[in-house]
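This report considers how the parts of one chain are arranged and how they meet. The reader may wish to follow each section with the model in view.

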Amino acid sequence: MTTQRLENHLTLTINGEMVRLKEVSPTMTLLQYLQQSGQTGTKEGCGDGDCGACTVAVIGQGCDRKPHYQAMNSCLIPLAAVAGQEIVTVEGIANGQLHPVQAAMVQTGGSQCGYCTPGFIISLFAAYYDRTLEDAAVEGNLCRCTGYLPIRRAAQRVASGQSGDEGVLHVGGDRFAAKLEHVTPELSPLSYTGNNQQFYRPTRLSDALQLLQHHPESILVAGATDLGLEMSHHRQAFPVMISLEAIAELQQLEQMAEFVEIGAAVPLSRIEDILRGVFPSLDEMLHWFAARQVRNRATIGGNIGTASPIGDLPPVLLSLDAEVRIAGLVGERTIPLANFFKDYRQTDLQPGEIIVSVIIPKAIAPNATRRLSQSYKVGKRGTDDISIVAAAFTIDLDSEDRIVQARLAYGGVAATPVRAIAIEQQLIGKPWNMTTIQQIKPLLETAFTPLTDLRGTAEYRKLLIANLFEKFFVETSGLQ
Ligand SMILES: Cc1cc2nc3c(=O)[nH]c(=O)nc-3n(C[C@H](O)[C@H](O)[C@H](O)COP(=O)(O)OP(=O)(O)OC[C@H]3O[C@@H](n4cnc5c(N)ncnc54)[C@H](O)[C@@H]3O)c2cc1C
Ligand code: FES
Ligand code: FES
């Protein structure tokens, strides 16, 4: 891979037409390209993944490893990341007659100023082929005009097969469904240069490690939902990028009797589907994590690699005692996630290393008979918002309901995601009842020194740290 010749052209397919691009910047966003090439149906609202106006459908691998239309925010996708892929934009879905989701939006009055409409149409389009036309299909699309109800009705109408349009197309019988039969969703290797930038997409871990050694200045990219902001807003042109999306070893998700191992480049929507019901606290946090367009690209490796103190998965993974598998050219090592976060946005990753996977053990403490585990996210909005505080708790109890193991993990309360280790130790041996909770709450309130920022004051965060633990007790004891 490292000796492979760099190509100066990229190909991608947009609305069924193959496009060959020469010398373009690999970090130009897909949205910027669409706009520059006159395909202006796809809109820019925020440019940072929040509004969904720029939603396109990309044919990618679903949890069944088969091709699916996946809604994604084109404002966050580096152009080179979709090389070789099939993209559908709003211009491409009507074919002499409106697509059922378009027809339903017209019939229910789902569009007023219309700026958000292309994004809604594409989110509904992707959900139509997956038969997932519930509210969550449009949770990543904002509309200022319609009050949402007409859009919701449009989705419900299509879902129940009531679009009432003469020319309704049926899933399974149209050209988009037919297309899915003939696409290979696997990404191919890529070594591209354009605009004096390089973009590599190796398919083997060993190639990625060698590339990293040859290009110590390079930046690793997975779903680009964090890095995409740099490209979209700050127009940052990274000189060398190594994409981890196509690496087979990083795409594995294995469920064993004792543990689950999730490849670092597995997108969150796939984790959500495959592991549903295995770890309740993970299910809950994924539900509140961004929106579908982001979860279709964001990876677990990116969430811990970015080391944000308000990342939502670290508290869950810390409370489940997860480990991180890390590879370098000299070999592999596995460390507890608790040792991975070193300081604000600093991790234990050494130069030349890549996160390979996250390992979550399933076993409860040896002398325990049952486990209680849940997570909580407090933000200003329900979905698609950043946490003020995120918390995840795992408590193992013996047959007399005494605590034999406790892990209390938080985000948004310190420079890194953290566990309340001293308090966990105090909980051991105590009965799981309200008296214990009331004894522990004051200690939790003073356990960390969170900051005041525009999302919440330090005092508010301290209250959340304690009160979320009480909420956990109340919920898991059936007291609410
Ligand atoms: C609209 C929006 C909403 C969001 N909502 C949430 C939310 O609710 N909760 C939340 O926690 N986050 C949220 N995020 C942030 C982001 O989506 C997550 O952090 C995501 O998991 C990042 O994954 P990625 O694959 O996109 O990372 P990338 O952007 O590709 O990479 C992020 C960082 O991790 C590094 N990296 C990636 N993979 C590896 C690897 N395998 N080894 C070593 N380093 C690696 C990269 O070099 C980079 O520094 C949101 C982002 C957006 C745009
Ligand atoms: S422009 Fe708002 S999500 Fe892309
Ligand atoms: S119709 Fe105006 S923003 Fe949605």
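## Two domains

How far apart do the C-alpha centres of domain 1 and domain 2 lie? In this predicted model, the distance between the two centres is 33 Å. The domain assignment places residues 40-75 + 87-180 in domain 1 and residues 252-476 in domain 2.

The two domains touch, and their contact draws 13 residues from domain 1 and 11 residues from domain 2. On the side of domain 1, strand β4 (residues 67-73) provides the largest share, with four residues. Sorted by class, this side of domain 1 consists of five nonpolar, six polar and two charged residues.

## Helix α2 and its contact with α4

Helix α2 (residues 100-108) and helix α4 (residues 149-159) have axes that come within 8 Å and cross at roughly 135°. The two helices are therefore oblique to each other. Their crossing is right-handed.

Which residues of α2 meet α4? On the α2 side they are P100, V101, A104, M105 and T108, and on the α4 side their counterparts are P150, R153, A154, R157 and V158. This contact comprises seven nonpolar, one polar and two charged residues.

## Helix α2 and its contact with α3

Helix α2 also passes helix α3 (residues 117-130); the axes come within 9 Å and cross at roughly 130°. Because of this angle, α2 is oblique to α3. The crossing of α2 and α3 is right-handed.

From α2, the residues P100, V101, Q102 and M105 take part, while α3 contributes T117, I121, L124, F125 and Y128. By class, the contact has seven nonpolar and two polar residues, and no charged residues.

## Helices α14 and α15

A further pair is formed by helix α14 (residues 434-445) and helix α15 (residues 458-476), whose axes come within 8 Å and cross at roughly 160°. Are these helices roughly parallel or roughly antiparallel to each other? They are roughly antiparallel, because angles over 145 degrees count as such. The crossing of α14 and α15 is right-handed.

The contact involves M434, I437, I440, K441, L444 and E445 of α14, together with K462, L463, I465, A466, F469, E470 and F473 of α15. Its residues divide into nine nonpolar and four charged, with no polar residues.

Notes:
Residues numbered from 1 in each chain as written. Chains lettered and ligands numbered in written order. Predicted model: local features only at pLDDT ≥ 70, side-chain atom pairs only at ≥ 80, totals over all residues. Axes fitted to C-alpha atoms, helices over the stretch in contact; angles between N-to-C directions. Parallel < 35°, antiparallel > 145°, perpendicular 65-115°, else oblique. Left-handed = near helix turned anticlockwise from the far one by under 90°. Contact = placed C-beta atoms within 7 Å. Nonpolar A, V, L, I, M, F, W, Y, C, P; charged D, E, K, R; others polar. Domains from an automatic or database assignment.
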